[in-house]
Amino acid sequence: MTTSLFQLLLLHSASLANKVFIQRDYSEGTVCKFQTKFPSELDSRIEKTLFEDTVKTLNNYYAEAEKIGGHSYLEGCLACITAYLIFLCMETRYEKVLKKISRYIQEQNEKIYAPRGLLITDPIERGMRVVSFHTMSPMTISNTSDSYGRIKRWTFL
Amino acid sequence: MSAVMLPRKVTRKWEKLPGKNTFCCDGRVMMARQKGVFYLTLFLIIGTCALFFAFECPYLAVHLSAAIPVFAVVLFLFVMAMLLRTSFSDPGVLPRALPEEANFIEMEIEAANGNIQAGQRPPPRIRNVQINNQIVKLKYCYTCKIFRPPRASHCSICDNCVDRFDHHCPWVGNCVGKRNYRYFYLFTLSLSLLTIYIFTFDIVHVALRSVDSGFLNALKETPGTVIEVLVCFFTLWSVVGLTGFHTYLISLNQTTNEDIKGSWSGKNRVQNPYSHKNIMKNCCEVLCGPTYPSVLDRRGVMAEDSLSSTPSPPTSDVVATKSNPVTPNTKTTAPLIPNEHTPDEAKPSIAAAAQKTTKEEKVSSPRDSGPKVSPAPIVVKESAH
């Protein structure tokens, strides 16, 4: 079998499957960043620019959360002095950004993806490994993940 | 007619998580299964400090300074806080791939492998990524069904992939990974200080008493001091040595796992792509970096419909992987899976005579035996100190 036939079969089976996974981009190390390469399976469903905007915005949010600078040093030192007990009453910067991401994804789903019959899953639901796009069915609307609620749950340990 | 309303028991996700962790406080606390050595650590620290407060502190507070016991209390509380935080928190466990994600990855692998002839072994599942101009190989975890992110490793004791895996520490009863490494380091550092502090003031105490009543009488008056000195003496060598070792690792931005495997050492090896080549920057990143969230949802409530379907996929996976013999195929050289990060010069042409993958081959794919070997020497190393 030739490579091109294999690729055709892969595309065919992917279009039958209802999920597409955008993998992590490790070119800059272990920081959380997703690949902006437009997957061919979404070709007919969403415009490339909209997809790239979404992924780039997500990448910017994660970069903001993981930025090592004055704010993170201050947070780290203050937390160390209090033996990290301060996190019982204070939210970490990362958690604040995760909430922003959750709201952003919800907004994107409502405005852009749901009208096109797609749904994005918050990466935190998948261990921050992938951003998954899947086709909506009536059941998925009611089963949308509550990543915002998950971030609000006990996160001290 | 009255209807009896039974309280509905909520099932939280931690109850159905695969892996060999134990959970307490309804999923808030997460530890390894074997906790015996952790209890020993607690006993040694609390016991020695109790003896110190009982024997040394009253005498020294009167004869030297009241600040001595106060500082000892602060240091003791800090040590306990760091120990408990290291032991009870999620080290950075990566959740296993759900069936759809696992299938998607399998399809990608099959497409990259091409045709595999019957009887031939499939190539090892490796993905090349370029990180800061260095090629790093990402291995596939057959248990978790994911390509491990860089610096992640599978802990065989806890049966989880842990991000930025350092080592599994039986003394704290948990893995040490991305999320709890700094607490582990602060624990060893503060324990070193506490041990030195107690040891020093034991000597001072005995010296002061000896001036009054002679050495042997001093020892008879404070038998607790003898025990403390013994414990501190042996602890000192191991803990101070460990702190020194981890300080060295932090300054180079390396993990114990990478150091033991020799990932970045040697002439032909890749240089550490994660190091900032600056000691201060490396230290700041590891110790003052962002506090990463746990990506393992322990406290989420399981949906009613997923309760009936959840047991089958993980158990069938577990049965499949557990019953497979580990066949060594690590020495097979095979075409690597190219992706967008593979530099053009490194992309091999996909061999025409590639191997055919059968279903039996997939099921009996060997578990990656590499990482399982590494925790064992680390455990030996810890206890040998």
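1. The contact, counted as heavy atoms within 4.5 Å, takes 42 residues from chain A and 54 residues from chain B. This is a predicted model, in which local features need pLDDT of at least 70 and side-chain atom pairs count only at pLDDT 80 or more, whereas totals for chains, interfaces and linings use all residues. Residues are numbered from 1 along each chain as its sequence is written, chains are lettered from A in the order in which they are written, and side-chain values use heavy atoms, with hydrogens and water left out.

2. About 4,200 Å² is buried between chain A and chain B, with carbon and sulfur atoms giving 64%; buried area is the accessible area (1.4 Å probe) that two parts lose on being put together, summed over both. On the chain A side, Y26(A), R129(A) and L157(A) lose the most area to chain B, together 19% of what that side buries.

3. Between the two chains the count is 2 salt bridges, each a side-chain nitrogen of Lys or Arg within 4 Å of a carboxyl oxygen of Asp or Glu. R129(A) forms a salt bridge with E101(B), and their closest N and O atoms are 3.0 Å apart.

4. Chain A also holds an open sheet of 3 strands, ordered β1-β3-β2 with antiparallel pairing, where strands are DSSP runs (E, at least two residues) numbered from the N terminus and two strands pair if DSSP finds at least two bridges between them. The edge strands are β1 and β2 (118–121) of chain A, each pairing on one side only.

5. β1(A) pairs with strand β3 (residues 131–135) of chain A in the antiparallel sense over 4 bridges, and H134(A) in β3(A) is the bridge partner of K19(A).
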